[in-house]
Amino acid sequence: MASYLVGRAFQTVLSMLVVVSIVFVLTRLSGNPIYLLLDVNATQRDQEILTRHLGLDKPLPVQYGIYVMNVAVGDFGNSIISRRPVTEHIWERLPATVELGFVAMFLSVLIGVPLGMYSAVRRGGVLDTAARVFAVLGQSMPTFWLGLMLILFFGVVLGVLPAGGRGGLLHLVLPAFTLGYFTSAAILRLTRSAMLEVLGSDYIKFARLKGLHEQVVLWKHGLRNALLPVVTFAVLLFVQFLGGAVVTETVFAWPGLGRLILESITTRDYPVVQAGVLVLSALYLTGNLCVDLLYSYLNPRIRHVSS
Amino acid sequence: MSPRRRRLPWFAGLVLAALVVAAVFAPYLAPHSPTEGDLIKKSIPPIWMEGGNPEHPLGTDRFGRDVLSRIIWGSRISLVVSLVAIGVAGTLGTLLGLVSGYRGGRTDAVLMRLTDIGLSLPTILIAVVMVAVSEPSFRNVVLVIALLLWPRFARQVRGETLAIKEHDFVALAVVAGRSSAWIIRRHIFPNVVPTLLVISTLQVGYVILLEGTLSFLGVGVPPPNPAWGLMIADGRGFLATAWWMSLFPGLAMLLTVLAVNLMGDWLRDHLDPRLRQVGPQVELLGPAVTQPESTPARGIAAASGEP
């Protein structure tokens, strides 16, 4: 277990380093940043001063080293547009992203668990089939299109839900559902299989033999035992939502980190783009690490496969 | 695991056939130019609505371009992007997978570490920043997608190679003094082909969604190309007045991806019984995860919130 843990953590650090390197290489490819910072009539001397100030006169490996060190301590420099530290921009937008991810997670559990339980109990029934269709569609539907169609139906045609922006609870419904759609399907399947496994166990048979009411058997003995892995898993999914927020935030004009990245791409504010991508990637990789570790804890077979 | 129907999914086959015909014969099938519109005829609704024009069955967009014609031409983009990206990624991944699996030892360790890292990257984020910094263009989209796709092939092919390597015919070839390259070419590779076919098909849907997402976000195929993602983005601001601009291209994308996924599942059941043990659950957790040894979390991460 310990060696798996260490190996997996090491791999996460490596992955992060790869992301940082990709971002570094890309920014160097995209041309000399001083032309973005200075206006057209800057003199030769201005350019030299800025080059030295930014450390661009140093050899590339040294620049890379400095860059990695800065990123490691959370120093992303200043925004080209606002001239404010990039970290300030990130902190402004992070709460909205977290809020959306949190509600999306909650919603997917709310949809996935009851549906999954019902599918397991009435296996092969109408709802089980419907749940299957729901899941298959989830794989094939472009998220951004789903979001737009939800806006069209609930926002424009019915006019019952706001089409975008951040506000009260109502503003959260559509983006959270869009972001959580795929996960609800995953949780549904997870609940279904966990529940099927539990229902086939001896203690459920015994509970039934004892003459307990079927509802008591299902809810008290069944669901409680099936739910643990599902819920733990769902909580960790939350972190991964943060990684996929770019699309949903764009569709719903949600002022989060993902949208900040896209806005900054339009304004060519590369320091903000870099920092946003790095922060989201870090969250995403950490989330993955947690889920993997949790899985290996719950399912010892994974440990053996990996070692 | 529910028993699957072994019948050819005729619906999926039909949709795919239509798609290929549309893509190949776009110039003959499309009634109008995909890029040139008549501003006088802008935002005409579909034919069955009031004000519809029989010349434009699915209506026109805000530049007066025929939606149907654009969808037909758009199928070409989706198809070409997925074919080229999967071709490049498949070739690279297969080569690395074959070498990694056959050589074993340190080569294998290094290559698989790389593959793991590649699989763990937050796809959309990396793609967004890569294309954004390097100017959106057809070529860049294909390259970025290919770059993010090869590890999936490498991982799977390596697993297959490991299994095939154990067969007697390989040992005999070694005894007969054949070179490693010859053995890989004559004995290993032909046995990997069915699996390759299955993974490739299963990736098509993913690539179409990824390209669509990138185009939608404005970092994919540049306008005025009739990419489906671009069309959906175009109609975003006109949901209330001209919903058909976004609805139909999204429907085309949904149908295509659904058909490809169904076809991929069917192919997997038919050609590659070994992959079947992956089962519906893991497949749900991530359309791309076909490797039996992967931890499920990565699949979820790759898919949640993303296309």
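## Chain A at a glance

Take the contacts in chain A with a separation of 6 or more: 73% of them come from residues 24 or more positions apart, a contact being heavy atoms within 4.5 Å. This is a predicted model, where local features need pLDDT of at least 70, side-chain atom pairs count only at pLDDT 80 or more, and totals for chains, interfaces and linings use all residues. Residues are numbered from 1 along each chain as its sequence is written, chains are lettered from A and ligands numbered from 1 in the order in which they are written, and side-chain values use heavy atoms, with hydrogens and water left out.

Chain A has 14 helices and zero strands; helices here are DSSP runs of H or I with at least four residues, strands are E runs of at least two, and both are numbered from the N terminus. Of its 307 residues, 48% count as buried (buried is under 20% relative accessible area, exposed over 50%, partly exposed in between, with a 1.4 Å probe and protein chains only). The accessible surface of chain A is about 14,500 Å², and carbon and sulfur atoms hold 67% of that (Shrake-Rupley method, 1.4 Å probe).

## Where H6 meets H8

In chain A, the axes of helix H6 (residues 126-140) and helix H8 (residues 170-199) come within 9 Å and cross at roughly 140°. That angle makes H6(A) oblique to H8(A); under 35 degrees would be roughly parallel, over 145 roughly antiparallel, 65 to 115 roughly perpendicular, and the rest is oblique. The crossing is left-handed, meaning that the near helix is turned anticlockwise from the far one by less than a right angle.

On the H6(A) side, the contact residues include Phe134(A) and Leu137(A), and among those in H8(A) are Tyr181(A) and Leu188(A). Sorted by type, the residues of this contact are eight nonpolar, three polar and four charged (Ala, Val, Leu, Ile, Met, Phe, Trp, Tyr, Cys and Pro are nonpolar, Asp, Glu, Lys and Arg charged, and the others, Gly among them, polar).

## Loop spots in chain A

Arg83(A) isn't a glycine, yet has a positive phi of about 65°. Arg83(A) sits in the loop between helix H4 (60-72) and helix H5 (86-121) of chain A, and counts as exposed at 54% relative accessibility.

Ala253(A) also has a positive phi, near 50°. Its loop runs between helix H11 (245-251) and helix H12 (257-266) of chain A, and Ala253(A) is partly exposed at 29%.

## Over in chain B

Thr60(B), in the loop between helix H2 (26-29) and helix H3 (67-103) of chain B, is buried at 0% relative accessibility. Leaving out residues up to four places away in sequence, Thr60(B) touches several residues, including Lys41(B), Asp66(B) and Trp244(B).

The peptide bond from Pro223(B) to Pro224(B) is cis, with omega near 5°.

Key:
Axes are lines fitted to C-alpha atoms, for helices over the stretch in contact, and angles run from 0 to 180 degrees between N-to-C directions.
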